[in-house]
Amino acid sequence: MGVGNEMRLNKEQEKISYMKPSGHALIKGIAGSGKTTVGIYRIPFLLNNYCGESDDSILLVTYNKTLVNYMNYIYSKIAREYREAYPSLFELPKQRVKITTVDSLLYPYFLRGAKRSDKTYTTNIGNGEKMGIVKEYIEKLAKDFKDVTLLRDENAKFLYDEINWIKSCNYLEEEYQSADRIGIGRHEEHIQRIPKNSSTRAAIYQLMEYYTLEINERGKVDFNDIRSMALEEVRRECSKRYTHIIIDESQDLSKLQLEFIKELYNDEKSYSSLTFLFDSSQSIYSQSWLGNGRNFTSIGYNMVGKSKSLSKNFRTTTQISQAAYSLLKKSTEVVRDENYVKPFLVDKQGEYPVYRNFSNEREELEYLRETLVREGRRYNKNEILVVARSRNQLEIAKKYLEENNISASILDRDNDDFESDAVRLMTMHSVKGIESKLVLLININDGVLPYYSSTDETVRELEEVMEKKLLYVGMTRATEQLYILSNGTPSQFIGEIDSDYLRLRRETRCRTYSNISIEDYIFSDKLLNKYSSEEKIRQWVLGELIKTYGYPEENLEIEYPVQLGSKKGFTDIAVFRYEGSKRISFILIEVKAGDSDMGSALEQLKSYMAVTPQAEYGVATNGRELFIINREGIEVKDIPEFTLEMMATEAEETLYLDLRRDRKLSLVRDDNGSGELKVDYGDIIENYSKEEQKKIPIYGKISAGIPIFMNNDLEEEISLPLELLKTEDCFALKVKGDSMTGADIDDGDYVILRQDISANSGDIVAAALEDEATLKRLMKMRNSIILLPENPEYEEIYINEQDVNLLGVAVGVIKRSKNVL
Ligand SMILES: Nc1ncnc2c1ncn2[C@@H]1O[C@H](COP(=O)(O)OP(=O)(O)OP(=O)(O)O)[C@@H](O)[C@H]1O
């Protein structure tokens, strides 16, 4: 979570933060929905109201040291900022409140236990030594368990994970034999990782026992030994218990850790509380107990009637949320979890995530460097977070950046300087719970993500789900802008993110490359070689011109001839606009196959533009890289979107939704110089002379889906019959977003609004919310207003009547595309 000066808890969050404590409770919430926020805000509330006795105290606990550091950092920041406004709220007697990790609570008990048994242990055991022991005993056991094919050297890493898992669950052998592995065995069709009651499980259990004995004999312990010894010790005697415990990221705690926390809970007071903050979509460890689908009853709590959900992501922009959810949406393992919370989009306008693929690591690093320099103009270094799957990849990136004079620092459990003036680097696992304005996920390659610990198919299927959640965690860390980079073959998960939500460049509308099937090719009768890889790229570009930029097919041409001296050249695509009936090829596009060098493509493009004086823009792309230049050959952000003015005006036909009369009309503008407008009412066609029309101004975009900044720049004008507009003052806005699609209002349409400051229930209105504007259907309640989207993916906006600044009431819509109705 971050610190927003004006952050106010929403209703759901307020209810949870200030609810009367009554035993155990479950707060489920999607990434960024304010679970940690609620946890932190609940502390002063509990302290002031439910900590009356001298032994009462509060514990906020999680598994991850970095997150604890971060929570303390945020907590003290909030305390500082809000102390003046709410002196009582943040004046916390420190000794009554503890924010810490489970393991640091555990450790003293482990030490006490070791002392009691007169033993000294060291945790100094490296991965090499661990694997060595596992392999040694695999060999021994393979002789006794001849039918167990898993007992092979190459599965050592997997078997080691399994050992860890058994230990983290504190299982006896018969419990392990009947345990649902990874917890998703609840659904019959799900695979058991290893068959229950099998000799394979017997062998693994024995391997676990041998392994533990061996390391203990060497005077060493691993984390699970520490935890289980501590659990034994705390059960013998607990030295401090807490009246209120809040567990953040509870989905990722192991059973041992959860059992330990239970021992610290003083449930004897009438106002005691144990709160689990939980998100099944973010469980990223195989040892996670609850996050892998296990019911809370498995740790002794029945959550029926005790759970609440937070479903709005306040952290990321709508665009980043859409991309992140699209990754999880198709994963049945994730969405069928009984604790899965369906996310709702929050209107928070931003830019789409950028996805780039490079041929090698060096190119990717260079792009990372360039991006950091470019984005460094908008963000401080410590607002930038680079995230990779492994520590090793971070080391490589850090080295490269530092060689290029960009200070970078790897944040981990020992380094929690969130404010230092350096780009922050973190692994995907340690970044959980944390956020940053700009996030760059690097090395999202095949072989890196998903990472498999075994060649066993069933194991891989299960690990795949976890690895997908890991990418989801990474993506949902960005509050403003997200970049996803890969090199070589990209991770399979990239293809699972809906390409609608990815862009090749920031500030360019063009979506990332996606494969179009040959049956859907356009201009297919004109294609010389349908099967070429260049054609794939061209079809993707054509698709973008039509879907993203709104150009009708009539405004596009392929193999457009240009005269180069005595020779004829052919540009791959030309985009036209019309001035009256004059056709102007104002964008020329050169496409190349995926691995082509862009230098020569750019040269070719420039030569074509040089002999085509009307060409204002040139585009060159190979699907991976995209260059957009102007006539001077200088790179520009984007090509223009299609506008009605670009149509051939001799028969410009548009569709108009008359909202007042609920009818659809066709408008045809003649180009005989008279400016006459013909309106087809269905039963009658009327002609309107110029004098019978009214010019209305079109302002900058409004968001139907996403409130965006109002832009007062006058863009252009539109003429409509006076009869349709009546005498009122009207203006038009261009719609952006998809939250009103149920009312036939789509992205790129023009909505005609009557300037007004009052509206009736049921009207579609444009309203300004602070500096932002949004198009929604208005409903009046007693003292408040609900702004309703017409798309089930979006949530309604509740607002006090006096806070609504009405811009206008929609009277009609000019459709961008005439094919939609
Ligand atoms: N009501 C709100 N209004 C505006 N911003 C909010 C609100 N609630 C939370 N936020 C902000 O949203 C971000 C995410 O909050 P928080 O970290 O508490 O979510 P979380 O559910 O714990 O997320 P995750 O599980 O992804 O770590 C933070 O920046 C927080 O300040």
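Predicted model: local features only at pLDDT ≥ 70, side-chain atom pairs only at ≥ 80, totals over all residues.
Reader: Why is α6 called roughly perpendicular to α7?

Author: The axes of α6 (residues 127-144) and α7 (residues 156-169) cross at roughly 100 degrees and come within 10 Å. Angles of 65 to 115 degrees count as roughly perpendicular, so α6 is roughly perpendicular to α7.

Reader: Which residues make that contact?

Author: From α6 they are K130, M131, V134, K135 and I138, and from α7 A156, L159 and Y160. Six of the contact residues are nonpolar, two are charged and none is polar.

Reader: How do you know that the span of α6 is close to the expected one?

Author: With 18 residues, α6 reaches 26 Å from its first C-alpha to its last, and 26 Å is also the span expected at 1.5 Å a residue.

Reader: What makes domain 1 and domain 3 touch?

Author: Residues are in contact if their C-beta atoms lie within 7 Å, and 17 residues of domain 1 are in contact with 16 of domain 3. Helix α3 (residues 65-82) gives the largest share of the domain 1 side, six residues. That side divides into nine polar, five nonpolar and three charged residues. The C-alpha centres of domain 1 and domain 3 are 29 Å apart.

Methods
Residues numbered from 1 in each chain as written. Axes fitted to C-alpha atoms, helices over the stretch in contact; angles between N-to-C directions. Helix = DSSP H or I, 4+ residues; strand = E, 2+ residues; numbered from the N terminus. Parallel < 35°, antiparallel > 145°, perpendicular 65-115°, else oblique. Contact = placed C-beta atoms within 7 Å. Nonpolar A, V, L, I, M, F, W, Y, C, P; charged D, E, K, R; others polar. Expected span 1.5 Å × (residues − 1). Domains from an automatic or database assignment.
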